[in-house]
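Visitor: I would like a close look at one part of this protein. Please start there and then show me what surrounds it.

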Amino acid sequence: NMELKYEIYKECGSLCKPNNGWTKELNLISWNSREPVYDIRAWSENHEKMGKGVTLTAGELKALKELLNGMEL
């Protein structure tokens with residue numbers, strides 16, 4: 001198994017805290033020393049374990065923001 005290396009550059013905020021104690025967060029992360037991307041996923045308390053997530057470039061995040069701003073929730 002190849003080890004996944006990551007560095008959290010910026011913790012943007014949490015979206016929710018489910019009952020299992022893990023927090024769904026938006027962070028700016030570099031995966032395997034690559035260019036940092038915005039990332040939405042669930043994390044254990046000390047960022048030691050993670051769930052599956054979605055990564056977005058700054059342009060994709062901006063497009064998502066515009067999409068959400070246009071939605072009626």
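Visitor: Which residues form a nonpolar patch on the surface, and about how much accessible area do they have together?

Guide: First, a word on the model. It is predicted, so local features need pLDDT of at least 70 and side-chain atom pairs count only at pLDDT 80 or more, while totals for chains, interfaces and linings use all residues. Residues are numbered from 1 along each chain as its sequence is written, and side-chain values use heavy atoms, with hydrogens and water left out.

Now the patch. L67, L68, M71 and L73 form it, and together they have about 460 Å² of accessible area. A patch takes residues with over 30% relative accessible area and no salt bridge; nonpolar side chains (Val, Leu, Ile, Met, Phe, Trp, Tyr) are joined within 5 Å, like charges within 9 Å. The areas come from the Shrake-Rupley method with a 1.4 Å probe, and for residues only the protein chains shown count as cover.

Take L68. This residue sits in helix 1, residues 58-69. Helices (H or I, at least four residues) and strands (E, at least two) are DSSP runs, numbered from the N terminus. L68 is partly exposed because its relative accessibility is 41%. The cut-offs are these: buried is under 20% relative accessible area, exposed is over 50%, and partly exposed lies in between (1.4 Å probe, protein chains only).

Look along helix 1. Its 12 residues reach 16 Å from first C-alpha to last, close to the 16 Å expected at 1.5 Å a residue. The expected span is 1.5 Å times one less than the number of residues. G70 counts as exposed because its relative accessible area is 68%. From G70 to I29 the C-alpha distance is 27 Å, and the two are 41 residues apart along the chain.

From the N terminus on, the order is β-β-β-β-α. The C-alpha trace spans about 40 × 30 × 20 Å along its principal axes. Of the 73 residues, 22% are buried.

Now turn to the strands. Strand 3 covers residues 37-43 and runs antiparallel to strand 4, residues 50-56, with 5 bridges between them. Strand 3 also runs antiparallel to strand 2, with 7 bridges. Two strands pair if DSSP finds at least two bridges between them.

Y38 in strand 3 stands opposite L28. Y38 also stands opposite L56 in strand 4. I40 stands opposite V54 in strand 4.

Next, the salt bridge. A search of the whole structure finds 1. It joins the side chains of R41 and D39, at 2.8 Å from N to O. The term means a side-chain nitrogen of Lys or Arg within 4 Å of a carboxyl oxygen of Asp or Glu. D39 is buried because its relative accessible area is 0%. R41 is buried too, at 10% relative accessibility.

Strand 2, residues 23-31, holds N27. N27 is buried because its relative accessible area is 0%. Its side chain makes a polar contact of 2.9 Å with the side chain of E25. Such a contact is a pair of N or O atoms within 3.5 Å; within protein, one must be able to donate a hydrogen and the other to accept it, and residues adjacent in sequence count only if both atoms are side-chain atoms.

Last, the turns. Most residues other than glycine have a negative phi, and most peptide bonds are trans. The hairpin of strand 2 and strand 3 has 5 residues between the strands, and there N32 takes a positive phi near 50°. N32 is partly exposed, with a relative accessible area of 23%. S33 lies in the loop between strand 2 and strand 3. Its phi is positive as well, near 65°. S33 is exposed because its relative accessible area is 62%. In the hairpin of strand 3 and strand 4, with 6 residues between the strands, H47 has a positive phi near 55°.
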